[in-house]
Amino acid sequence: MTTMRVAQLHGYGPPDMIKIGTAPVPRPKAGQVLVRVRATTVNGGEVWMRAGRLRLMSGSRFPKGLGIDVAGEVAELGDGVTDMTVGERVWGSLDSKKMVLSQAAAGATAEYVAVDAARLAPMPDGATFDGAAALLVGITAFTALRDKARVRPGERLLVRGGTGGVGYVGVELGRAFGARVTTLVSAANLEVAGELGADVALDYRSIGPDDLGRFDVIFDTVGTRMNDYRRLLAPGGRMVSIMVNPPLRGFAAVLASVIHGGRRIRAFSGNPTRALLIDYARYIESGQLRPLIADTYRLEQTAAAHEAIESGGRPGKHVILP
């Protein structure tokens, strides 16, 4: 096969700016692996990008590729890749910053994608393609809680957005790490949050920062009112945010926390490596992490997946099966 189907963004705006077209099947460069994509997801960052909120970084060249997470099978090995085999089930992700800045015309929302071998690992034993894809973005929560916040057993953990695409893994990991987990979600998702392992689930529409107690760790996937939530940190507390909304005000809050006081807000984006994926997979293989899938879509329904995310309400990840 020399061509493939691919979802591409043809201009900034609503989801109907996403079209399905054809593109050459990429050839893996040295150190890369060509993957036959079996499942990918829609992440919040690409929804922002599609809407034009990141155009200073994403530029004006169209069409643009979509999708960074990938679960699939090795189709071809680039020069120098010796630790994988054709047909092996793998998972990993593209470098999102590189993809945005290069204004690439194809991403993981396609039938094939070339991925750096260092960003791929064997899929967890027993995982399905859609389940693995739905859990991939949770590597961000894993890094936030294990490496950045260093959550310890018995600590009080607040997860904002605990049934969202990243937040639900934060709740599950908090339970796995032995923390006492409180999460803020919509009223419709309170039961789901409890099933994920939250000790306390609260409706964010009726509960604000002034109604909450102290926490040792706050994992923020929402990014609003960051200073208000930072004030809930106990002495020695840590706050990690993967979202700043609106961006300028959010980054100002992060900077102010560095300059003033010890309760610092750490903001970062995930950077999956092979070693990190292998560590993370152990929690999936042990049953401590389970995928939460909002819905699955065919490649030609990519725009519908974007619409569903923007309408909100469904807990978990929206998964595309090319």
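**Entry 1: the model.** I am working from a predicted model, so every value here is computed.

Entry 2: I looked up the second largest pocket and got a volume of about 520 Å³. I then asked which residues sit closest to its centre. Next I went through the elements that give two or more residues to the lining, and I noted β1 (3-9), β2 (18-24), α3 (96-102) and β7 (112-116). Which of the elements gives the most? I found that β7 does, with 5 residues. I also sorted the lining of the second largest pocket by class, and I wrote down 13 nonpolar, 5 polar and 6 charged residues.

**Entry 3: the helix pair.** I turned to α5 (residues 139-148) and α6 (residues 167-176). I have their axes 8 Å apart, and the helices pack at an angle of about 40°. Angles under 35 degrees would count as roughly parallel, so I put α5 and α6 down as oblique to each other. As for handedness, α5 passes α6 in a right-handed crossing. Which residues make the contact? From α5 I listed A141, F142 and L145, and from α6 I listed V169, G170, L173 and G174. By class, I get 5 nonpolar and 2 polar residues in the contact of α5 with α6, and no charged ones.

Terms used. Residues are numbered from 1 along each chain as its sequence is written. This is a predicted model: local features need pLDDT of at least 70, side-chain atom pairs count only at pLDDT 80 or more; totals for chains, interfaces and linings use all residues. Side-chain values use heavy atoms; hydrogens and water are left out. On a 1 Å grid over the protein atoms alone, a cavity is a set of points where a 1.4 Å probe fits but cannot get out, and a pocket is an open set with protein on both sides within 12 Å along at least five of seven lines; lining residues have an atom within 4 Å of a point. Grid points are joined across faces, edges and corners, and a volume is the space filled by probe spheres set on the points. Helices (H or I, at least four residues) and strands (E, at least two) are DSSP runs, numbered from the N terminus. Ala, Val, Leu, Ile, Met, Phe, Trp, Tyr, Cys and Pro count as nonpolar, Asp, Glu, Lys and Arg as charged, and the others, Gly among them, as polar. Axes are lines fitted to C-alpha atoms, for helices over the stretch in contact, and angles run from 0 to 180 degrees between N-to-C directions. Angles under 35 degrees count as roughly parallel, over 145 as roughly antiparallel, 65 to 115 as roughly perpendicular and the rest as oblique. A crossing is left-handed if the near helix is turned anticlockwise from the far one by less than a right angle, and right-handed if clockwise. Contact means heavy atoms within 4.5 Å.
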